[in-house]
Amino acid sequence: MKIVVMEPIHEEGIKILENYAKVSQINVDTPLKRIIEEIRDADAIISRGFIKISREIIYSAEKLKVIGVHGVGVDHIDLEAAREKGIEILNTPAALTETVAEYTLGLIISLLRKINLADEAVRMGRWNEKYSKLVGEDVEGKVIGIIGLGRIGSAVARMLSCLKTKIIYYDVERKKEIEEEFSLEYVDLDELLRRADIITIHVPLTKETYHLISKSEIEKMKNGVYLINTSRGAVIDEEALIDALRNGKIAGAALDVFETEPIDSENPLLNMENVILTPHIAASSRQALIRMAREVAIKVIEKLEERKFK
Ligand code: NAD
């Protein structure tokens, strides 16, 4: 059997795969032609999301039975082509939920308390900015709106419920049990946009969520709202977000994901002070990377061998 690992994963996952199959690892900068040659005779591929698994790639891999996703999002895969070819897609949601939720909490507090700017001020010898520019905002007393109360959104709600905040949420599905457990209030999207002081997004990228937050949604938000996105960049219309960050409608944004990744060197976000930008690392703790690599390797081998490990 042959398995192609499309982007670096932790060696613990590679070791598991190597017990059962010939493993070939390719780099993120491998040209498409070379990728296609490599996967032509692959039984499985393991993907992390950066290299798009297009129709062309799927159809050129004649023996392909399974695509293992190191992570949760499957928006980088041509799902229709995979369905047509009967290829199973297996991801690793359990491995990263808490990790992404912790990171989101970190971004919320960093954004409101300007921790990134404070760090820079100390390094640059601007200590006295503590009396002016570095004065932040409490999270206490704020209304927090969670869009998407799935695994990660629920973990974020649980963590935030320890702070003295009011939490409202919107999801296409109402989650009554979680709602009761953490004293959340279910509202529609319009109401969430109107009431929240801080909005955090945890929906998958689909046709329905593409530009879910766009100019008209931003107009409905409170003046001076904070926006956090650790889901997918294209859930927000980035141009509309940039306008709102410039005119102060949105006071600040913490973004781990972007419409184009890596972010374009000309992107105006790079020159804005009221944003925190990170390179899609919400799930990248040492522990989660090991869990994801192990879980995806085991799931792929189980599928190829048609048996369950203990
Ligand atoms: P999940 O499937 O458990 O939860 C998603 C929730 O969104 C569900 O409750 C679903 O009902 C809701 N939803 C779907 N479409 C909606 C819509 N149109 N409007 C409102 N709600 C909608 O997924 P999860 O494990 O919580 O992960 C969420 C997303 O986070 C993933 O799809 C992935 O894109 C992203 N993610 C990013 C990172 C990162 O490194 N930044 C890591 C992991 C996951």
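Visitor: What volume does the largest cavity have?

Guide: A word on the source: this is a predicted model, in which local features need pLDDT of at least 70, side-chain atom pairs count only at pLDDT 80 or more, and totals for chains, interfaces and linings use all residues. Residues are numbered from 1 along each chain as its sequence is written, and side-chain values use heavy atoms, with hydrogens and water left out. On a 1 Å grid over the protein atoms alone, a cavity is a set of points where a 1.4 Å probe fits but cannot get out; grid points are joined across faces, edges and corners, and a volume is the space filled by probe spheres set on the points. Here the largest cavity has a volume of about 30 Å³.

Visitor: Which residues line the largest cavity?

Guide: Lining residues have an atom within 4 Å of a point. In this case they are Asn 229, Gly 233, Ile 236, Glu 238, Leu 241, Leu 255 and Val 257. By class, four are nonpolar, two polar and one charged, where Ala, Val, Leu, Ile, Met, Phe, Trp, Tyr, Cys and Pro count as nonpolar, Asp, Glu, Lys and Arg as charged, and the others, Gly among them, as polar.

Visitor: How many aromatic pairs are there?

Guide: A pair of aromatic rings is described by the distance of the centres and the angle of the planes. Rings of Phe, Tyr and Trp (its six-membered ring) pair if their centres lie within 6.5 Å; planes under 30 degrees apart count as stacked, over 60 as edge-to-face and the rest as tilted. The count is two. Tyr 20 and Phe 309 are stacked, at 5.5 Å centre to centre with 25 degrees between the planes. Tyr 169 and Tyr 186 are tilted, at 5.0 Å and 50 degrees.

Visitor: Where in the chain do Tyr 169 and Tyr 186 lie?

Guide: Strands (E, at least two residues) are DSSP runs, numbered from the N terminus. Tyr 169 belongs to strand E7 (residues 166-170) and Tyr 186 to strand E8 (residues 185-186), 17 residues apart.

Visitor: Is Tyr 169 buried or exposed?

Guide: Buried means under 20% relative accessible area, exposed over 50%, and partly exposed in between (1.4 Å probe, protein chains only). Tyr 169 is buried, at 0%, whereas Tyr 186 is partly exposed, at 27%. Tyr 20 is also partly exposed, at 30%.

Visitor: Which residue lies over the face of Tyr 59?

Guide: A charge sits over a ring if NZ of Lys or CZ of Arg is within 6 Å of the ring centre and within 35 degrees of the ring normal. Here Lys 85 lies over Tyr 59, at 5.3 Å from the ring centre.

Key
On a 1 Å grid over the protein atoms alone, a cavity is a set of points where a 1.4 Å probe fits but cannot get out, and a pocket is an open set with protein on both sides within 12 Å along at least five of seven lines; lining residues have an atom within 4 Å of a point. Helices (H or I, at least four residues) and strands (E, at least two) are DSSP runs, numbered from the N terminus.
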